[in-house]
Every structure is written in C-alpha cells, then in structure tokens.
Amino acid sequence: AVRELTSLTSLNLGVNDIRAEGAGRVAEAVRELTSLTSLDLGRNGIGAEGRERVRQTLSHLTSLTYLYLYD
C-alpha cells in the first residue's frame, strides 16, 4: 500500500516504539518512494542495528535530505 504513495514527500513515524525490526520494515516499505525527502524514525528505540538497516536499505534514495534516527 505504501508503494502506491508515489508523491509522498514526508513521513513522520517518530515515538512509535517500532524498534530495530520495525525500522527495517519501514525502510523496505519506502525504499522505492523516490519523491521522499524527509523520514523521521526518531525516538523509536531502533538502536545501532536499526540505524544500520535503515542506512543500508535507503542509501540509494538520493531524494532523501532529512533522516532522523535519534533514539
């Protein structure tokens, strides 16, 4: 369903307790959204593992100018 949101530019999922696995799933879900410029996954307890999963999954997404991963 998320992949159909091709014009989505900003997604804020901060403070949702999604943890590392959830962060990875979110990254997988939005990886093809080339219009996405802002993604906030802050304060979700994703830790180093989650940050690395997000970084690896979204490293090709050049439109992304704001990525908030602070725990």
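This section describes the sheet, the nonpolar core, the salt bridges and the aromatic pairs of a predicted model.

The strands come first. Three of them form an open sheet in the order E1-E2-E3, and the pairing is parallel. Strand E1 spans residues 10–12. Strand E2 covers residues 38–40. Strand E3 runs over residues 66–68. E1 and E3 stand at the edges of the sheet. Each has a single partner strand, so one side of each is left without a neighbour in the sheet. Neighbouring strands are turned against each other by 5° on average, with direction ignored. E1 and E2 run parallel and are joined by three bridges. Within this pairing, Ser 10 has Ser 38 of E2 as its bridge partner.

The largest nonpolar core has 14 residues. Those with the most contacts inside this core are Val 30, Leu 36, Leu 39, Leu 41, Val 54, Leu 58 and Leu 64. Two elements give two or more residues to the core: helix H1 (19–30) and helix H2 (47–58). H1 supplies the largest share, four residues. Leu 64 was examined for contacts beyond its neighbours within four places in sequence. On that basis, Leu 64 is in contact with Leu 36, Thr 37, Ser 38, Leu 39 and Leu 58. Of these partners, Leu 36, Leu 39 and Leu 58 are also listed among the core residues with the most contacts. Ser 38, another contact of Leu 64, is the residue that bridges to Ser 10.

Helix H2 also holds Gly 50. Gly 50 has a relative accessibility of 0% and therefore counts as buried, the cut-off being under 20%. Residues up to four places away in sequence aside, Gly 50 touches Ala 20 and Ala 23. A further separation involves Ile 18, which is 32 residues from Gly 50 along the chain. The C-alpha atoms of Gly 50 and Ile 18 are separated by 9.7 Å.

The start of the chain gives a contrasting case. Ala 1 lies in the segment before strand E1. At 86% relative accessibility, Ala 1 counts as exposed, because the cut-off for that class is over 50%. Ala 1 and Ala 29 are 28 residues apart along the chain. Their C-alpha atoms are separated by 8.7 Å.

Charged side chains were then considered. The count comes to six salt bridges. One of them joins the side chains of Asp 17 and Arg 19, at 2.9 Å from N to O. Arg 19 counts as partly exposed, with a relative accessibility of 46%. Arg 31 takes part in two further salt bridges. In the pair with Glu 28, the closest N and O atoms are 3.4 Å apart. In the pair with Glu 32, the corresponding separation is 3.7 Å. Glu 28 is partly exposed, with a relative accessible area of 34%. Arg 31 is partly exposed as well, at 26%.

Aromatic rings complete the description. A search of the whole structure finds two aromatic pairs. In the pair formed by Tyr 66 and Tyr 68, the ring centres lie 6.3 Å apart and the planes meet at 5°. Planes under 30 degrees apart count as stacked, so this pair is stacked. The second pair joins Tyr 68 and Tyr 70. Here the centres are 6.5 Å apart and the angle between the planes is 40°. That pair is tilted. The ring pairs link Tyr 66, Tyr 68 and Tyr 70 into a cluster.

Tyr 66 counts as partly exposed, at 40% relative accessibility. Tyr 68 is partly exposed, with a relative accessible area of 27%. Tyr 70 has a relative accessible area of 59% and is exposed, because its value is over 50%.

Methods. Residues numbered from 1 in each chain as written. Predicted model: local features only at pLDDT ≥ 70, side-chain atom pairs only at ≥ 80, totals over all residues. Heavy atoms only, no water. Phe/Tyr/Trp six-rings, centres within 6.5 Å; stacked < 30°, edge-to-face > 60°. Buried < 20%, exposed > 50% of the residue type's maximum accessible area, 1.4 Å probe, protein only. Salt bridge = Lys/Arg side-chain N within 4 Å of Asp/Glu carboxyl O. Core = buried A, V, L, I, M, F, W, Y, C linked by side-chain atoms within 4.5 Å. Contact = heavy atoms within 4.5 Å. Pairing = 2+ DSSP bridges. Axes fitted to C-alpha atoms, helices over the stretch in contact; angles between N-to-C directions.
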